[in-house]
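Please look at the model first.

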Amino acid sequence: MPRLSAILAAATLGLAAATFAPAAYADDHAMMMEGGSATIGDLQLTGAWTRATPPAARAGGGYLKITNNGSKTDYLVSGSVDFAERVEIHEMSVINDVMKMRHLEDGLPVPPGETVALEPGSYHVMFMGMTEPLTEGKAVDVTLTFKNAGDVTIKMPVAKVGARSLAGDGGGMMHDHGNMDMQKSE
């Protein structure tokens, strides 16, 4: 019977511990389902996410929406992470059936009263010179730098490799920067 008592005591402690963490669990679960969010000054960042990368990947992408509730244009100019050498802001487009990507050296404008979407196949945050892979089901901290508002850190949950959204709906398009024509902004 001492063994049964120990099992019941452990189970009771486990249940008691679980009752103290539901808010934290709910917050983490919501972030993993809806993406990270943050506010800095007049800027509201929502739906932040990234996707898993293969072990040898040297680049990855991050996505989110930025709403400017202020009266002046701000610019997303760069960022930093602990898993890559640098963070750049890029634009991807298809010109004459060729996918082209370029670094926005002056940053991405976020006009007042507007929402700018960073998403696969369009504007995005680039993690360059990655030192470790991004793992599905985890979340990473990304510090984004705005010209006027300054720095803000946001959590980006990691979806599956090749996902086109945080929900993980894959498409044929993976973010394979090794085969793209990288161009500098003009």
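## Asp 141 and Lys 155

Asp 141 has a relative accessible area of 40%, so the residue counts as partly exposed (buried is under 20% relative accessible area, exposed over 50%, partly exposed in between, with a 1.4 Å probe and protein chains only). Asp 141 forms a salt bridge with Lys 155 (a side-chain nitrogen of Lys or Arg within 4 Å of a carboxyl oxygen of Asp or Glu). The closest N and O atoms are 2.8 Å apart. The pair links distant parts of the chain: Asp 141 sits in strand 10 (residues 139-146), Lys 155 in strand 11 (residues 150-159), 14 residues apart. Lys 155 is also partly exposed, at 40% relative accessibility.

## Basis of the model

This is a predicted model; local features need pLDDT of at least 70, side-chain atom pairs count only at pLDDT 80 or more, and totals for chains, interfaces and linings use all residues. Residues are numbered from 1 along each chain as its sequence is written, and side-chain values use heavy atoms, with hydrogens and water left out.

## Fold and surface

The chain has two helices and twelve strands. Helices (H or I, at least four residues) and strands (E, at least two) are DSSP runs, numbered from the N terminus.

Of the 186 residues, 39% are buried. Among contacts with a separation of 6 or more, 68% join residues 24 or more positions apart (contact means heavy atoms within 4.5 Å). The accessible surface is about 10400 Å², and carbon and sulfur atoms hold 53% of that area (Shrake-Rupley method, 1.4 Å probe; for residues, only the protein chains shown count as cover).

## Other salt bridges

How many salt bridges does the structure hold? There are four. Side chains of opposite charge can pair when their charged atoms come close.

Arg 58 pairs with Glu 85, with closest N and O atoms 3.5 Å apart. Arg 58 lies in the loop between strand 2 (43-51) and strand 3 (59-68), and Glu 85 in strand 5 (residues 84-95), 27 residues apart. Arg 58 is partly exposed at 46%, whereas Glu 85 is exposed at 56%.

Arg 102 forms a salt bridge with Glu 91, the closest N and O atoms lying 2.9 Å apart. Arg 102 belongs to strand 6 (residues 98-103) and Glu 91 to strand 5, eleven residues apart. Arg 102 is partly exposed at 30% relative accessibility.
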